[in-house]
Amino acid sequence: IDADARLDVADRVFHRHLDRARAVEDEVVDLEISFSFEASRLRGRLVLEEGIDREVGRRDADIELTREIARRFNHLYKPVFTIPEAKLTDSPKIPGTDGRKMSKSYNNCIYLSDPPETVQANVKPMVTDPARVRRTDPGNPEVCPVYDLHKIFTPQGERESYVVPGCRTAAIGCLDCKGVLLNHMLPVLSPIYERRVKLAEQAGEVEDILAAGTERARKVAGASLMEAKKAMGI
């Protein structure tokens, strides 16, 4: 689909709303002026590809602003677009190794492409509850980024019987806690890494999969764009 057409649909119904969108207030502070242009192009694509799920950790800015585009277009012209919904995950927020949000720009990520030894090397120095200055200091798992990962990988029974009481009473240290996490984390991530390595050796097959997906999205977006142009009289 023509990129200019995607951008035109988004800009006509949305651009002036970007500056007052509370959901992206923090992002606007940190990003360049080009954010507005790129944001409109991205959300225009997401609206046109209606019916295609986008899995997110929480209802993030992209989803909220995409919904705004669809609502505004439907209001200004006629109902064409389905209001998209986020496909929420069970883990709404995954912290980075430094406690901030996991982000490539912060260099605090644990990548699915990392081999097991790299995952282990990144987990061991992770920040924990800042109140645990000494080994004998009790901690609070609810403010510890490592425990956020425990909620994803460690079975609830072991968390409640060992990790949580061990942290709160200082019966276990942070390295002990991270060791338990790695015992459950590596068996989940290692097969993903191994599968990725195999796929990297089959570049042609991967490109075929991407091409097929692109064609399916193009058909959906093309039909949506035609309806949008008719509604706009262009």
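Reply: Buried means under 20% relative accessible area, exposed means over 50%, and partly exposed lies in between, with a 1.4 Å probe and protein chains only. C109 has 13% relative accessibility, so C109 counts as buried.

This is a predicted model: local features need pLDDT of at least 70, side-chain atom pairs count only at pLDDT 80 or more, and totals for chains, interfaces and linings use all residues. Residues are numbered from 1 along each chain as its sequence is written, and side-chain values use heavy atoms, without hydrogens or water.

Now the core. A nonpolar core is a set of buried Ala, Val, Leu, Ile, Met, Phe, Trp, Tyr and Cys residues joined through side-chain atoms within 4.5 Å. The largest one has 19 residues. I110, V119, V123, L181 and M185 have the most contacts inside it. Helices here are DSSP runs (H or I, at least four residues), numbered from the N terminus. Helix 5 (116-123), helix 6 (145-153), helix 7 (156-168) and helix 8 (174-200) each give two or more residues to this core. Helix 8 gives the largest share, 7 residues.

Look at M185. Contact means heavy atoms within 4.5 Å. M185 touches I110, V119, V123, L149 and F153, not counting residues up to four places away in sequence.

A second, separate core has 6 residues, including A70, F73, V80 and A228. A228 is also one of the buried residues of helix 9.

Last, the cysteines. A disulfide is a pair of cysteine sulfur atoms within 2.5 Å. The structure holds 0 disulfides. C144 is buried, at 7% relative accessible area. Its closest cysteine sulfur, in C177, is 5.8 Å away, too far for a bond.
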